[in-house]
Amino acid sequence: MWSFFARDPVKDFNYDILPDTQDKSGIWTLHRGKRKTGGEPLSVFVYEVSTGTEEQTQLAKAAFKRMKTLRHPNILAYVDGLETEKSLYLVTEQVTPLAAHLKAQSERGGSGELEVSWGLHQTVKALSFLVNDCHLLHNNLGIWAVFVDRAGEWKLGGLDHMTPENGDASTSLPSAKAVHPEMDKYDAPESPNSGEKWAGDVWRLGCLIWEVFNGPLPRASSLRSLGKIPKALVPHYCELVGANARARPNPARFLQNCRAPGGFLSNSFVESNLFLEEIQIKDPAEKQQFFQDLSENLDSFPEDFCKHKVLPQLLTAFEFGNAGAVVLTPLFKVGKFLSAEEYQQKIIPVIVKMFSSTDRAMRIRLLQQMEQFVQYLNDAAVNSQIFPHVVHGFTDTNPAIREQTVKSMLLLAPKLNESNLNQELMRHFARLQARDEQGPIRCNTTVCLGKIAPYLNAGTRQRVLISAFSRATKDPFPASRAAGVLGFAATHNYYSVTESAARVLPTLCTLTVDPDKNVRDQAFKAIKNFLTKLETVSEDPTKLAEIEKDVMSSAQPAGAAASWAGWAVTGVSSLTSKLIRTGPGAEGGSPAENTPVGGGTASPCAGSPVIDGVPGGKKLTYLQDYSDLKYVSVLIWHGSPDPQCYTAAQTESMVASLPGMAGDGWSAEPAGDWGAEESWESVDGSQGLSKAELAKKKREERRKELEAKRAERKAVKGPLKLGARKLD
């Protein structure tokens, strides 16, 4: 029993104090600490009774009591405390003394006026709360009494000398200069009680402002020299340190004056912070507008503020506020400040959840910005949580969704497992290339297949590549035919000499008389390269093994294909850049491929410049140079009667506002409608099928197409309403 009373309470303290770092803060010593359970970082203020005077001990106990009872967002947050005969422990949120923070920031080139403006706003707001709401006088305001948390927020502390505004002599505490004589220079020149109750505190506020911009105050007379104090703040600073104590403004009025248009506290950073503090009571429309503007402002905001204040608000807005796709752009901007581990913990779970959303606008923005976060996605999450949702985009009725889904495979392919890459993805690619009504999507599917070929296993390459590129060469859309040619050229090392002679070259030779000159040019160049390989083996048969070494090679790991990112065959020029300038579909293409739904034409705007490599009026774009992903405009697919010239950014914003692009769920066509037997081998009937079998297969495919169209028309008409037909 006696051992219970003799137990040291410090041993039961739920916090560890790290002895390696400590800073003096008045009569306190500031240590870094952490919670024993969970390891949460905290700060611990320690006062040793044995080393202090009786007056200092009185101040420490008064501050301990005040910290327990005061609660305000801009006052240092009390977490826990312990009072023993030997020591006092104050546990607070993790903070750094303002002087140390400013010094560290200046060494890194930070602490600009934006950050200081918000810090002063918080400090003055805390002082106003004490003076006007609590009727307390701080009596110790200075750079030593202000602390900075991880987000860069300034918190008012140093409550050692705080007294009630009408306190009598029996409850008064020793003044700051009585305990620390060097503090005399921070005292106002007038005698006590000669001005307003806040006169002394706002004078010290002026001293704080001077030290923030100019460093330690050498003497009281130095306040007359403005130094580096910003011009917008000078008039208000002069009011604080004016000789007339009665003319010094109330902290609330000082704050109001500085927030006036053109004032030091009137800027985008302060406005953003104030909005974030009240975001829970804002209207949804206001939140949407704020997040749209926030993306532009983030570039000028401090990094710590973005990581520790903006990011949690963005995550909360998505999780509970239904903010939707509008949070994506600022979210990825803030993500650039995070380490790989922090990105995995904070952003990746949100991204995975976003992919399961039915909001089309969110889905398309995720696909467009995948390059910013794909490196942080682990293979397991991609295959089990992301890819199953992404593949729905292949069968979506909106062409923009299908287009972006195809392009995203360039980034996801290295992370896909055997089943998803060689079976599921190939099944969707086969259907898109053969059945999609949009020529650019068929073209990009072919391009994407050529670029992900190194990740396919040898069996899939043997089964898929020649059939797929052969199919592309028969496409009515010229860009697709040329993409098939370049697909052969880019994957030439995966074909045996026999396949090159018997299957590839005959297909390419038929394109030497193609109606489109660009297709013919690409065909001749590819033929020359294949002939060179055949001639090399013919001259020296010992080189056969070297030439065919990649034919049965295993799939390459991520990044291994980077060496041929520009299409491996020397001399093969860019397909898209030439075809688009001459107008794809001008020769040999189906009219439907180049005519807007609404009857308008897709002719270029008169005198319009080339935008992102595309003449102004052309609303169809492809994978530029096969290495650069470009945004595809879907305006013509929505029947735009008067095609205009748009930049990529303008097009993106218009796409988001089109019908069916946000919030109305997915209207995807089920993959089964295309037939489970769809495969790359169905391209040409010369591969093991007789004429009768081929004709039968074509009739079966035609029958399924007609059934699908009838079902679609029936779905559009909708069910019969009651009373529409008179019952017998």
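In this predicted model, Tyr47 stands opposite Leu88 in β5. The pair belongs to an antiparallel arrangement in which seven bridges join β3 to strand β5, residues 87-93. Strand β3 also runs antiparallel to strand β2 (residues 28-35), to which six bridges join it. In general, strands of a sheet pair through backbone hydrogen bonds, either parallel or antiparallel.

Strands β6, β8 and β9 form an open sheet in the order β6-β8-β9, with antiparallel pairing. Its edge strands are β6 (95-97) and β9 (154-156), each of which pairs on one side only. From one strand to the next, the twist averages 40°. Between β6 and strand β8 (residues 146-149), the antiparallel pairing extends over three bridges, and Pro97 stands opposite Phe147 in β8.

Two helices accompany this sheet. Helix α3 (residues 98-107) lies across β6, β8 and β9 and runs at about 85° to β6. Helix α4 (residues 113-133) packs on the sheet as well, touching β8 and β9, and its direction makes about 25° with that of β9.

The next point is Lys309, which is placed in helix α11, residues 303-320. Is this lysine buried or exposed? With a relative accessibility of 12%, Lys309 counts as buried because the cut-off for that class is under 20%. Its side chain has polar partners: a polar contact of 3.0 Å joins it to the side chain of Glu153, and another polar contact, also listed at 3.0 Å, is made with the side chain of Asn273. Leaving aside residues up to four places away in sequence, Lys309 touches Trp118, Ala151, Glu153, Asn273, Leu276, Glu277 and Asp304.

Thr395 sits in a loop, the one between α16 (379-390) and α17 (399-412). At 5% relative accessibility, Thr395 counts as buried, since that value is under 20%. The side chain of Thr395 reaches the backbone oxygen of His392 at 3.2 Å. Thr395 and Leu432 are 37 residues apart along the chain, and their C-alpha atoms are separated by 8.5 Å.

Because 13 of the 13 residues of α21 are buried, the helix is largely enclosed by the rest of the structure.

Finally, confidence. The protein chain averages a pLDDT of 76, and 75% of the residues score at least 70. Over residues 1-6 the pLDDT is below 50, and this stretch has zero contacts in the model beyond near neighbours in sequence. Residues 654-679 also stay under 50 in pLDDT, but for them the model has 58 contacts beyond four places in sequence. Where pLDDT is low, the predicted coordinates should not be read in detail.

Key
Residues are numbered from 1 along each chain as its sequence is written. This is a predicted model: local features need pLDDT of at least 70, side-chain atom pairs count only at pLDDT 80 or more; totals for chains, interfaces and linings use all residues. Side-chain values use heavy atoms; hydrogens and water are left out. Helices (H or I, at least four residues) and strands (E, at least two) are DSSP runs, numbered from the N terminus. Buried means under 20% relative accessible area, exposed over 50%, partly exposed in between (1.4 Å probe, protein chains only). A polar contact is a pair of N or O atoms within 3.5 Å; within protein, one must be able to donate a hydrogen and the other to accept it, and residues adjacent in sequence count only if both atoms are side-chain atoms. Contact means heavy atoms within 4.5 Å. pLDDT is the predictor's confidence in each residue, from 0 to 100. Two strands pair if DSSP finds at least two bridges between them. Axes are lines fitted to C-alpha atoms, for helices over the stretch in contact, and angles run from 0 to 180 degrees between N-to-C directions.
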